[in-house]
Amino acid sequence: MKFFIDTANLDQIREAQDLGVLDGVTTNPSLMAKEGITGTENVLNHYKAICEIVEDNVSAEVISTTYEEIIKEGEELAALNPKIVVKVPMIKDGVKAIKYLSGKGIRTNCTLIFSPGQALLAAKAGASYVSPFLGRLDDISHDGLQLIEDIRTIFDNFGYETQILAASIRSPLHIVNCAKLGADVITSPLAPILGLLKHPLTDTGLAQFLADHEKAAKK
Ligand code: E4P
């Protein structure tokens, strides 16, 4: 399973990259705004900076909502760096744009997926990734993990190559459950990724090993 980090914060991207487990980055306009990145030129430069840190798979989201504008913006984003994956919202013009961009060999990530039918449409249009938002479904008492499972079943039924990019991850357990259900990728903030490291028995076990080593050295 691939690990993407869901942030526009360069320090956090570097930290995940240094850990040696990072396969990519996803951003969105809210995450960019959170880092204070505004204005087209600054946003484009920020994508370039992210591309310098990671090896591949940098999702850059369009802010256009009509077919012509999405494909124009998508082509501009893709031209920034071959690592860019154009993130397109699940709307009618977005689906059409995914079909066009994938036909041009530009990788796409269809975002804001909340139902299996939306994922099916995006896959048929040729999306490289679909991003089901499981945390936001959980937030409104819908079963986010069930959506991942349903999309996995549908894609496997027909051999779609579109990868399931489980998004809106809130906890380490979300990551583990996505792995169990066969999501191809998770995109998560840094904290849940680092949360995977933790187990109290690891901490007490290590403390014991080190104490025993110390004791034996003094004999
Ligand atoms: C997906 O690519 C989105 O950027 C992200 O996962 C949304 O997560 P949120 O629901 O925590 O905002």
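**Salt bridges across the chain**

At 43% relative accessibility, Arg170 counts as partly exposed (between buried, under 20% relative accessible area, and exposed, over 50%, with a 1.4 Å probe and protein chains only). The model is a predicted one, with local features needing pLDDT of at least 70 and side-chain atom pairs counted only at pLDDT 80 or more, while totals for chains, interfaces and linings use all residues. Residues are numbered from 1 along each chain as its sequence is written, and side-chain values use heavy atoms, with hydrogens and water left out.

Arg170 has a partner: its side chain meets that of Asp139 in a salt bridge (2.6 Å, N to O), meaning a side-chain nitrogen of Lys or Arg within 4 Å of a carboxyl oxygen of Asp or Glu. This pair links distant parts of the chain, as Asp139 is in helix 7 (residues 134–139) and Arg170 in the loop between strand 7 (163–166) and helix 9 (172–181), 31 residues apart. Helices (H or I, at least four residues) and strands (E, at least two) are DSSP runs, numbered from the N terminus. Asp139 itself is exposed, at 52%.

Searching the whole structure turns up eight salt bridges. Another one of them joins Asp56 and Arg107 (2.9 Å, N to O). Asp56 sits in the loop between helix 3 (40–53) and strand 3 (58–61), and Arg107 in the loop between helix 5 (92–103) and strand 5 (108–113), so the pair ties together parts 51 residues apart in sequence. Asp56 is partly exposed at 27%, and Arg107 is partly exposed at 25%.

Then there is Asp156 with Arg152 (3.1 Å, N to O). Both lie in helix 8 (residues 144–158), four residues apart, about one turn of the helix. Arg152 counts as buried, at 14%. Through shared partners, salt bridges join Arg152, Asp156 and Asp184 into one network.
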